[in-house]
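This report is for a reader who is new to the structure shown below.

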Amino acid sequence: MTAAHPLTLLEIEALARSAHEGQTDKAGRPYAEHLAAVAEGVRVRGGSPEQQAAAWLHDAIEDEALSLTWLDSAALPQSVKDMVLAVTKRPGEPVEQYAARILATPGALLIKESDLAHNADPARLAVLDPATRDRLSVKYAYVRSLLGLTTP
C-alpha cells in the first residue's frame, strides 16, 4: 500500500483484530472486545475516523501485537500514528509524563478517555479478584485526574 491509498477503518479494524488474535484481557475475554469497545466509545463521543482508527490500534505497540517499524511504514495519516504513540505506555515511564504526552497530542485524550471508561467498567472489574480490582480502580482514577477527566 502507498500513502495515496491509506488503510480504511474496516481494514484497520481487521488488522487490529488479527494482530491481537489469541490475546485476552485481565478478565480472560478476547482482547478484540476491548478494542471494539474503545473504538465504539470514541465514535459515540464524537471522535473522528482518525481517532477511531487510533482507538483500534491503541494497544498494538504496547502489547507488541504490531511493531514500531510497522507503524512507521503503515499507510495511515500521521495524526493516527501520533495518537497511537501518545497513548502507548513506555517501560518505566512515569504516569505523569505519559498523561502529559496524551494531553499534548491532538486527538489522543478522547482515545484514552474511552479506554479508561471501558477499563473501569464495573462489569469488567467485577470479575477480577478484589486486590486487583482495587489496585486498578485507584490507578484509573489517578490517570483520569491527571488528564482532567472528572467522571467515568
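Which residues of α9 are buried? They are T132, L136, Y140, V143, R144 and L147, where buried means under 20% relative accessible area, exposed means over 50%, and partly exposed lies in between (1.4 Å probe, protein chains only).

## Basis of the model

This is a predicted model, in which local features need pLDDT of at least 70, side-chain atom pairs count only at pLDDT 80 or more, and totals for chains, interfaces and linings use all residues. Residues are numbered from 1 along each chain as its sequence is written, and side-chain values use heavy atoms, with hydrogens and water left out.

## Helix α9

Helix α9 covers residues 130-147, which is 18 residues. Helices (H or I, at least four residues) are DSSP runs numbered from the N terminus. From first C-alpha to last, α9 reaches 26 Å, close to the 26 Å expected at 1.5 Å a residue; the expected span is 1.5 Å times one less than the number of residues.

Seen down the axis of α9, the buried residues fall within an arc of 100 degrees, so they line one face of the helix. The arc is taken from the directions from the helix axis to the C-beta atoms. An α-helix has 3.6 residues a turn, so residues three or four places apart point the same way. On the other side of α9, A131 and V138 are exposed. The cover over the buried residues of α9 includes α6, α7 (108-119) and α8 (122-126). Just after α9, G148 takes a positive phi of about 75 degrees.

## The nonpolar core

A nonpolar core is a set of buried Ala, Val, Leu, Ile, Met, Phe, Trp, Tyr and Cys residues joined through side-chain atoms within 4.5 Å. The largest one has 39 residues, and L57, L76, V84, I111 and L147 touch the most other members. The elements that give two or more residues to this core are α1 (9-19), α2 (31-44), α3, α5 (78-86), α6, α7 and α9. With five residues, α2 gives the most to this core.

Leaving aside neighbours within four places in sequence, I111 is in contact (heavy atoms within 4.5 Å) with V38, V42, Q51, A54, A55, H58, M83 and V87.

A99 lies in helix α6 (residues 95-104) and is buried, with a relative accessible area of 2%. Not counting residues up to four places away in sequence, A99 touches L146 and L147. A99 and A39 are 60 residues apart in sequence and 20 Å apart in space, C-alpha to C-alpha.

S114 is placed in helix α7. With a relative accessible area of 1%, S114 is buried. Residues up to four places away in sequence aside, S114 touches A37, V38, G41, V42 and R45.

## The loop between α3 and α4

Is H58 buried or exposed? H58, in the loop between α3 and α4, is buried, with a relative accessible area of 1%. The side chain of H58 reaches the backbone oxygen of A55 at 2.6 Å. Apart from neighbours within four places in sequence, H58 is in contact with H34, L35, V38, V87, T88, I111 and D115.

E64 is found in the loop between α3 (49-56) and α4 (68-73). E64 counts as exposed because its relative accessibility is 71%. Phi of E64 is near 60 degrees, a positive value in a residue other than glycine.

Notes: A polar contact is a pair of N or O atoms within 3.5 Å; within protein, one must be able to donate a hydrogen and the other to accept it, and residues adjacent in sequence count only if both atoms are side-chain atoms.
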